[in-house]
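Student: I would like to learn how to read pockets and helix packing from a model. Could you take me through them?

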Amino acid sequence: MYAELHAHSNFSLLDGASHPEELVAGAIAKGLTAIAITDHEGLYGICRFYKAAKSAGIKPVIGAELTIEGGFHITLLVENATGYINLCHLITHAQLSESKGKSCLKSSHLPGHTAGLICLSGCSKGEVSSLLQQGDKGKAIEGARKYLSLFGRTNFFIELQHHLHPEDGKLCAQLSGIAGELGLTTIATNNVHYATRDD
């Protein structure tokens, strides 16, 4: 069974296009029983998303996509109340570390704030994916090991996305290879930015 765990609403400012309610409706139309909202750098749409999902009988998964040092992205999903507190803390730290309108989480701030959070390695702008695309498999493995040590084997997953771009097949194969080397589980997401294809 599939659940979308990487989706952006229009609260991913200047990036996502659909209201949280539209994403919930789209998930239900496709027969999904759960969906995550992982807006950029914040939780602005979470209340609307949570209410819409609950009233529609679909499981809401709260999360966010954060930018970390180096311009890399990670996807964080809330597992429990402790995770929600930690995600709020990390977002606040990232926002306060930069000038207004920018956000960047220092890697040094992750230790001690990962409990209750599930980490996905991110989209093509994730650290592991970016380093693979630069041809540096060694550093990509180092990056994966860093997140593995921070979040643990049961809470860190290699994220695979295939959007029919020419490079996607090769990148997914490389990511799967790293997952195999490190004994990690892969997870497929779509990096959703629109509720429907017509959007």
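This is a predicted model: local features need pLDDT of at least 70, side-chain atom pairs count only at pLDDT 80 or more; totals for chains, interfaces and linings use all residues.

Student: What is the volume of the largest pocket, and which residues lie nearest its centre?

Tutor: Rolling a probe the size of a water molecule over the atoms shows where empty space is left. On a 1 Å grid over the protein atoms alone, a pocket is an open set of points where a 1.4 Å probe fits, with protein on both sides within 12 Å along at least five of seven lines, and lining residues have an atom within 4 Å of a point. Grid points are joined across faces, edges and corners, and a volume is the space filled by probe spheres set on the points. Here the largest pocket has a volume of about 550 Å³, and among its 19 lining residues Lys30, Asn190, Val192, Tyr194 and Ala195 lie nearest the centre.

Student: How does the lining of the largest pocket divide by class?

Tutor: Counting Ala, Val, Leu, Ile, Met, Phe, Trp, Tyr, Cys and Pro as nonpolar, Asp, Glu, Lys and Arg as charged, and the others, Gly among them, as polar, the lining has nine nonpolar, seven polar and three charged residues. Helices (H or I, at least four residues) and strands (E, at least two) are DSSP runs, numbered from the N terminus; helix H1 (residues 20–29) gives the most to this lining, with three residues.

Student: Which residues lie nearest the centre of the second largest pocket?

Tutor: They are Lys59, Val61, Ile62, Val78 and Glu79, out of 17 lining residues, around a space of about 360 Å³. Strand S2 gives the most, with four residues, and the lining has 13 nonpolar, one polar and three charged residues.

Student: At what angle do H5 and H6 pack?

Tutor: Axes are lines fitted to C-alpha atoms, for helices over the stretch in contact, and angles run from 0 to 180 degrees between N-to-C directions. Helix H5 (residues 137–151) and helix H6 (residues 168–182) pack at about 55°, with their axes 11 Å apart. That makes H5 oblique to H6, since angles under 35 degrees count as roughly parallel, over 145 as roughly antiparallel, 65 to 115 as roughly perpendicular and the rest as oblique.

Student: How do H1 and H2 pack?

Tutor: Their angle is about 30°, with the axes 8 Å apart, and that makes H1 roughly parallel to H2.

Terms used. Residues are numbered from 1 along each chain as its sequence is written. Side-chain values use heavy atoms; hydrogens and water are left out.
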